[in-house]
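Biologist: I have a model open and would like to learn how to read it. Could you take me through it, starting with the pockets?

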Amino acid sequence: MTINVTDVNEAPVLTVDTTPVSVDENTTPVSPIADVDGTDPDTTAPNNTLTYSIVSVDGNTSGSIYNLFTINSNGEISLASALNYEAD
């Protein structure tokens with residue numbers, strides 16, 4: 001008799017702070033303004049690798065709102081460029 005055991009890719013768990021964020025107009029673009037924390041129950045690659053991106057509910061990743069923010073590999077969200085209240 002042979003028993004095969006295969007790895008199952010369990011879904012990661014994300015912790016998102018839903019507290020509203022206020023950003024001053026002079027905030028430096030690389031400064032984190034919010035973050036997303038993710039953990040994955042998988043312990044081996046490639047199933048334990050987390051990748052973050054900013055998308056809308058319908059999966060859209062382009063448009064003016066998406067150009068304002070970036071998210072890095074640690075889940076830190078920052079401004080993509082300087083803000084200008086008068087122009088934006």
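Biologist: Which strand gives the largest share of the lining of the largest pocket?

Modeller: A pocket is an open set of points on a 1 Å grid over the protein atoms alone, where a 1.4 Å probe fits and protein lies on both sides within 12 Å along at least five of seven lines; lining residues have an atom within 4 Å of a point. Strands are DSSP runs of E, at least two residues long, numbered from the N terminus. Here E2 supplies the largest share, three residues. This is a predicted model, where local features need pLDDT of at least 70 and side-chain atom pairs 80 or more, while totals for chains, interfaces and linings use all residues. Residues are numbered from 1 along each chain as its sequence is written, and side-chain values use heavy atoms, leaving out hydrogens and water.

Biologist: What is the volume of the largest pocket, and which residues are closest to its centre?

Modeller: A volume is the space filled by probe spheres set on the points, which are joined across faces, edges and corners. For the largest pocket that is about 320 Å³. Of its 15 lining residues, Val-36, Ser-53, Ile-54, Ile-71 and Ile-77 are the closest to the centre.

Biologist: Which strands does E4 pair with?

Modeller: Strands pair if DSSP finds at least two bridges between them. E4 (residues 76–79) pairs with E2 (residues 32–39) in the antiparallel sense over three bridges, and Asp-35 has Glu-76 as its bridge partner. E3 (residues 69–71) also pairs with E4, antiparallel over three bridges, with Phe-69 opposite Leu-79. E3 and E4 form a hairpin with four residues between them, and Gly-75 in the turn has a positive phi of about 85 degrees.

Biologist: And the whole chain: how many helices and strands are there?

Modeller: The chain has zero helices and four strands. Its radius of gyration, taken over C-alpha atoms, is 18 Å, well over the 12 Å given for 88 residues by the globule rule, so the chain is more spread out than a compact globule. That rule is 2.2 Å times the number of residues to the power 0.38.
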